[in-house]
Amino acid sequence: MKFLVTGATGYIGRNLTRKLVDLGNDVCVIVRPGSDTSFLKGLAPSVRLATYSGSISELQTILAEFAPDVVFHLASYFKADHITSDVVPMIEANVLFGAQLLESMRVAGVNKIVCASTAWEHFEDSDFDPVCLYAATKKAFEDILTFYAQARGLSAVILKIFECFGPDDPRRKIFSLLTDLSSQNAAPLGMTAGQQRLHCVYIDDIVAAFIAAGDDLLKIEQSGVQTFALSSDRPVSLRELVADFEAVVGRSLPIIWGERPYRQREVMEPWSKGVRLPGWVPKVSLRAGIAKLIKNQD
Ligand SMILES: NC(=O)c1ccc[n+]([C@@H]2O[C@H](COP(=O)([O-])OP(=O)(O)OC[C@H]3O[C@@H](n4cnc5c(N)ncnc54)[C@H](OP(=O)(O)O)[C@@H]3O)[C@@H](O)[C@H]2O)c1
């Protein structure tokens, strides 16, 4: 099959791209002029690179020439707490690019898309209360997606991700902090009281969900948007997560609990009302995932 991937240089996108190639598919990735495409070197010739520098005509050409069976849309600009200079790049990445992509799909007659989204659209288990501007922009794109589904025949699946983790993750998030803290002479780090609970899902399981959602879309003809949650079997508190980390590495991590305040809109309990993608269950347990992550680090 032919798949187009946006955000393919990102953490989930590069793992998805690799898996799609391993499965024997023809893959086209949309990159920007400054994107680091080094990870794609080993994947040629199964992966075509298409450059997007902001214009819709570039996307229309890419969509028309490659004519993918399914688009995987993962490109995004993430900041948990934005500052003023984040507003324009965030809207460009999370809203404008996506709208241009959908319009280009319509023109090219491409009508199946799987989109990455976030459980952070649901602060305090609400139907919609964005935790931060990033989550608000993800929802803005989804409203545009709904128009293309209802009025222009698009079939879409939105996968709402909680916390994805795994080896070689360049993002400075909780798992990379804990990995650093698990090294021999790590300096102590102040954290919050650690009672916030998280759904942590291993990268291979996230990738499997995207592939399953793409396969499902290929089987259906009707238009519409379906939304699913990629939750783990059980959310864990940050303290429990650290305890699991400590059990795997065999030493305690130098954390000073309670030294930092919670964020203004800290997600203490993850969204619980989402329906899991049918037929998908995460296979890698938290401890097994941490062990893979640590092993890869050594
Ligand atoms: N990772 C998680 O735990 C998590 C949690 C919730 C939701 N998600 C969602 O899952 C998706 C993938 O997340 P990730 O963590 O793998 O992302 P990531 O590592 O931050 O990568 C972001 C990707 O988006 C591309 N991008 C950024 N701005 C763009 C723009 N203006 N135009 C085109 N491409 C642009 C980047 O390309 P360049 O290389 O050119 O910068 C990169 O490929 C995102 O949609 C995110 O919202 C992830």
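**Entry 1: Asp-168 and its loop**

I started with Asp-168, which I found in the loop between E7 and helix H5 (174-181). Helices are DSSP runs of H or I with at least four residues, strands are runs of E with at least two, and both are numbered from the N terminus. I note here that this is a predicted model, in which local features need pLDDT of at least 70 and side-chain atom pairs count only at pLDDT 80 or more, while totals for chains, interfaces and linings use all residues. Residues are numbered from 1 along each chain as its sequence is written, and side-chain values use heavy atoms, with hydrogens and water left out.

I looked up the backbone of Asp-168 and got a positive phi of about 55°, although Asp-168 is not a glycine. Most residues other than glycine have a negative phi. Is Asp-168 buried or exposed? I list Asp-168 as exposed, because its relative accessible area is 58%. Buried means under 20% relative accessible area, exposed means over 50%, and partly exposed lies in between, with a 1.4 Å probe and protein chains only.

Pro-167 is also in the loop between E7 and H5. I put Pro-167 down as buried, because its relative accessibility is 16%. I then checked Pro-167 against Asn-296: the two are 129 residues apart in sequence, and their C-alpha atoms are 6.1 Å apart in space.

**Entry 2: Asp-125**

I found another positive phi at Asp-125, near 65°, again in a residue other than glycine. Asp-125 is in the loop between E5 and H4.

**Entry 3: The ligand**

How many residues surround the ligand? I have 25 of them, and the closest are Thr-9, Ser-35, Tyr-134, Lys-138 and Arg-171. A residue is near a molecule if one of its heavy atoms lies within 4 Å of it.

I looked up polar contacts next, meaning pairs of N or O atoms within 3.5 Å; within protein, one atom must be able to donate a hydrogen and the other to accept it, and residues adjacent in sequence count only if both atoms are side-chain atoms. A polar side-chain atom of Thr-9 lies 2.4 Å from an oxygen atom of the ligand. Ser-76 has a backbone N or O atom 3.0 Å from a ligand oxygen atom. For Arg-171, I noted a polar side-chain atom 2.3 Å from a nitrogen atom of the ligand.

On its own the ligand has 910 Å² of accessible area, and the protein covers 85% of that. Such areas come from the Shrake-Rupley method with a 1.4 Å probe; for residues, only the protein chains shown count as cover.

Which elements give two or more residues to the shell around the ligand? I listed helix H1 (11-22), helix H3 (87-108), strand E5 (112-118), helix H4 (133-152) and strand E7 (163-165). E5 gives the largest share, three residues. I sorted the shell into 13 nonpolar, seven polar and five charged residues. Here Ala, Val, Leu, Ile, Met, Phe, Trp, Tyr, Cys and Pro count as nonpolar, Asp, Glu, Lys and Arg as charged, and the others, Gly among them, as polar.

**Entry 4: Salt bridges**

I have 15 salt bridges in the structure. A salt bridge is a side-chain nitrogen of Lys or Arg within 4 Å of a carboxyl oxygen of Asp or Glu.

I looked up Glu-121 and Lys-160, whose closest N and O atoms are 2.7 Å apart in a salt bridge. This pair links distant parts of the chain, with Glu-121 in the loop between E5 and H4 and Lys-160 in strand E6 (residues 155-161), 39 residues apart. Both Glu-121 and Lys-160 are buried.

Asp-143 forms a salt bridge with Lys-139, at 2.9 Å between the closest N and O atoms. I placed both in helix H4, four residues apart, about one turn of the helix. Asp-143 is partly exposed, with a relative accessible area of 44%, and Lys-139 counts as partly exposed at 22%.

Val-88 is in helix H3, and I list Val-88 as exposed because its relative accessible area is 52%.

Last, I looked up Arg-260, in the loop between E13 and H8.
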